[in-house]
Amino acid sequence: MRSLTARRRHVLALVANGHTNAQIGRLLGIHERTVNRHLAEIFQALGARDRANAVAIALVTGELTAHHIHTPDQQREAA
């Protein structure tokens, strides 16, 4: 398993918080195809089969921590 770059960790944190690829692209100012590429590289680096599996692996390995994930109430407060 390879570690993630800061950008890929950020993308995965947004995935963990329920954002779609289109939303992530808008938030980061990148094209949705770039988000797709980041996710493919995240899956490969972590050995994950899908978004949920990537988040789970990242939490277990320390690539993401609980502070990266916000409850729905925290997301509304930040908006």
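1. Basis. This is a predicted model, in which local features need pLDDT of at least 70 and side-chain atom pairs count only at pLDDT 80 or more, while totals for chains, interfaces and linings use all residues. Residues are numbered from 1 along each chain as its sequence is written, and side-chain values use heavy atoms, with hydrogens and water left out.

2. Overall fold. The protein chain has five helices and zero strands. Helices (H or I, at least four residues) and strands (E, at least two) are DSSP runs, numbered from the N terminus. Along the sequence the pattern reads α-α-α-α-α. Of the 79 residues in the protein chain, 34% are buried. Buried means under 20% relative accessible area, exposed means over 50%, and partly exposed lies in between (1.4 Å probe, protein chains only). Take the contacts in the protein chain with a separation of 6 or more: residues 24 or more positions apart account for 56% of them. A contact here means heavy atoms within 4.5 Å.

3. Helix H2. This helix spans residues 21-28, and its buried residues are Asn21, Ile24, Gly25 and Leu28. Seen down the axis of H2, they fall within an arc of 100°, so they line one face of the helix. The arc is that of the directions from the helix axis to the C-beta atoms. Arg26 and Leu27, on the other side of H2, are exposed. The cover over the buried residues of H2 includes helix H1 (6-16), helix H3 (32-46) and helix H4 (51-61). Glycine 29 follows H2, and its phi is positive, near 70°.

4. H1 against H2. The two axes come within 10 Å and cross at roughly 130°. Axes are lines fitted to C-alpha atoms, for helices over the stretch in contact, and angles run from 0 to 180 degrees between N-to-C directions. That makes H1 oblique to H2. The classes are: under 35 degrees roughly parallel, over 145 roughly antiparallel, 65 to 115 roughly perpendicular, and the rest oblique. The crossing of H1 past H2 is right-handed. Handedness is left if the near helix is turned anticlockwise from the far one by less than a right angle, and right if clockwise. Arg7, His10, Val11, Leu14 and Val15 of H1 make the contact with Ile24, Leu27 and Leu28 of H2. These residues of the contact of H1 with H2 divide into six nonpolar, one polar and one charged. Ala, Val, Leu, Ile, Met, Phe, Trp, Tyr, Cys and Pro count as nonpolar, Asp, Glu, Lys and Arg as charged, and the others, Gly among them, as polar.

5. H1 against H4. These helices pack at an angle of about 115°, with their axes 10 Å apart. That makes H1 roughly perpendicular to H4. Their crossing is left-handed. H1 contributes Leu12, Val15 and Ala16 to the contact, and H4 contributes Arg51, Ala54, Val55 and Ala58. The residues of the contact of H1 with H4 divide into six nonpolar, no polar and one charged.

6. Asparagine 53. This residue lies in helix H4. Asparagine 53 is buried, at a relative accessible area of 15%. Leaving aside neighbours within four places in sequence, asparagine 53 is in contact with Gly47 and Ala48.

7. Glutamate 32. This residue is in helix H3. Its relative accessibility is 37%, so glutamate 32 counts as partly exposed. Leaving aside neighbours within four places in sequence, glutamate 32 is in contact with Asn21 and Ala22. Threonine 20 is twelve residues from glutamate 32 along the chain, and their C-alpha atoms are separated by 9.5 Å.
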